[in-house]
Each structure stands twice: as structure tokens, then as C-alpha cells.
Amino acid sequence: MKEYLSAPLPFVGQKRMFASEFKKILKQYPDDAVYVDLFGGSGLLSHITKREKPDATVIYNDYDNYCKRLKNIPRTNQLLSDFRQIAAGLPRNKLIPKEVQMKIYGRIEKEEKIWGYVDYITLSSSLLFSMKYKTSLEGLKKESLYNNIRKSGYQQAGDYLDGLTVTHEDYKDVFNRYKEIPNTVFLVDPPYLSTDVGTYTMNWKLADYLDVLAILQAHPFIYFTSNKSQILELCDWMGKHPGMGNPFQNAAIATFNARMNYNAFYTDMMLYTHTV
Ligand SMILES: C[S@@+](CC[C@H](N)C(=O)[O-])C[C@H]1O[C@@H](n2cnc3c(N)ncnc32)[C@H](O)[C@@H]1O
């Protein structure tokens, strides 16, 4: 059976760079465990886990409905093939002229009308400047289109999800369902703090990023983060100051609305307390 070491379709934040290291680490975990991929994204970690441990139960929490994108590969391939015809003769990796852009938008609009679904993330990697992604036609129209159109279609990924239990829920619901089940390992690859999350289905505040840490207590886990997010530095600090609590718990607050520039505002705060 084929083992994918990268996701079949583009996905920002997929763990393909970690694929071989992840396989090595997995060897330390039981073959018959329940592996719960709480932030499944492209499903790559779930897929690799199931291939490496065929006797394991693997839950892929597909919050972004990546499965729908996989199911629509034939439609996406047809679109890309039509784009290739529309842009025939244009130089590669160069800006697509306005009149040709309009034809591409027209083809996408037609697809929306007929099928009600377009995989904008996959199309973005063929039409936008490298690493730029949009999730709607309005979003695409605000960008300049480049002729990065893939030369051939994406391979059908019929077996990619084989053996996985797929769910589409908030990670907290999935966690609550499995937290008491013995022999469960949590794969925890949340969105990273201070990192662009434009293509994900979410709107997280700092507390949401910190909530994820609660999962790590008393459960075996494999957790992913980056040095941009500073979560490890924060945890290290908290570990050195145990039981400190919230220093502002009894403080009063005064606020002042400040302006950064003509359309950006923020709130300055003064916190004060009389008691020690
Ligand atoms: C860093 S990505 C995971 C990448 C994945 N490990 C891979 O290899 O493709 C984080 C994922 O968490 C998803 N997510 C955001 N909020 C979520 C929530 N409340 N519950 C579950 N997943 C969520 C994001 O949409 C994104 O797909």
C-alpha cells in the first residue's frame, strides 16, 4: 500500500518536513493504541500513523473538510486543464494579462454555478504568487494572477484515507470523547500562535492557544509548535513560577483608545491596585 509522505493536495502547515522523524518517533508508541489527531489538517499525520501501525485505531479530525477537497480532485483537475488552455502560449511564472484573468474568473464562476464547489486553496497554488492562498473568488480577484498553472493534474488519492475514522468537530469535543479511554495517544498540531492562519477555518485568541495545553496534562502526546509561537518559552516561565496566579486578579482597569494610523486602533490600559 502506498504511503504518502506529503499530502495529496496543497495544505499550509502540513507536517511533510516531519514525516520521516515522526515515523521514527511513532515506533516508541504501542501498535494497538488509539491515536487521535485532534488538529488533522491535511490528515498527513493520521495517514502515516495508520500505515505505520495498521492495528491501531486512528481518528482523523478533519475540521477544515480536507476530505471534500480530495473528493473533488477530478473537478479541480478539469479546472486546471481548462486554465492551461485559456493561458496557452503565455510565459510561465509571469503575470497573466487582465483579459486572460477575466476568462479564468469566468471559468471559476461557471464552476461555482454548476457544482457549487471550488477548491480555491488548490487553485491558488497554480494562480497566485508562491505561498499565497485565497479561499474565495472575491479573494482571488483582489490578487494578480501568475501563470504557475500545474502542468498535469493531481493524482487521485483514493487510498489516502483508508482505515481512518474521520470526524469533523471542534478538537475539544473530540478530546472529551477520548480523554478517558486507556491506551490513547493524542497527536496535537494546533494552529501556531503568531503565524498566519489565513486558510484555516478559525478565529483564535491567545486563550484558545493556551487552552490546548490543558490536553497535554496526564495524556501521552506528540505536540508540534514553532519557535515563532513562544509557547515553550511561556511554559518554561510558568514552570519556574508555579502557583503565581493572576497578578491582575484584584486590579482595576482604565482604558484609552489610541490610534496607530488612519484605520488601525488599539486600546492602551492602566491596571492598578491598592492592596499588596
Ligand atoms: C497546523 S494545522 C494541522 C496540520 C496537520 N497536522 C497536517 O499535517 O496537515 C492546524 C489545523 O487545526 C485546525 N483547527 C482550527 N481550529 C480548530 C478547532 N477548533 N478544532 C479542530 N481543529 C481546528 C486548522 O484549521 C488547521 O487545519
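So, the lining of the second largest pocket: where do its residues come from? Both domain 1 and domain 2 put in at least three residues each. Keep in mind that we're looking at a predicted model here.

Domain 1 comes in two stretches, 16-65 and 168-272, while domain 2 covers 68-141. If you take the C-alpha centres of domain 1 and domain 2, they sit 32 Å apart.

Okay, back to the pocket. The second largest pocket has a volume of about 250 Å³, and 16 residues line it. If you want to find its centre on the screen, look for Asp-64, Arg-69, Tyr-117, Val-118 and Ile-121, which are the lining residues nearest to that point.

Which helices each supply at least two residues of that lining? Those are H3, running 66-71, and H6, running 120-127. H3 is the top contributor, giving three residues to the lining.

Last topic, the cysteines. A disulfide is a covalent bond between the sulfur atoms of two cysteines.

Cys-67 has a relative accessibility of 13%, so it counts as buried, because the cut-off for buried is under 20%. Cys-235 comes out at 29% relative accessibility, so this one counts as partly exposed.

How values were computed. Residues are numbered from 1 along each chain as its sequence is written. This is a predicted model: local features need pLDDT of at least 70, side-chain atom pairs count only at pLDDT 80 or more; totals for chains, interfaces and linings use all residues. Side-chain values use heavy atoms; hydrogens and water are left out. Domain bounds come from an automatic or database domain assignment. On a 1 Å grid over the protein atoms alone, a cavity is a set of points where a 1.4 Å probe fits but cannot get out, and a pocket is an open set with protein on both sides within 12 Å along at least five of seven lines; lining residues have an atom within 4 Å of a point. Grid points are joined across faces, edges and corners, and a volume is the space filled by probe spheres set on the points. Helices (H or I, at least four residues) and strands (E, at least two) are DSSP runs, numbered from the N terminus. Buried means under 20% relative accessible area, exposed over 50%, partly exposed in between (1.4 Å probe, protein chains only).
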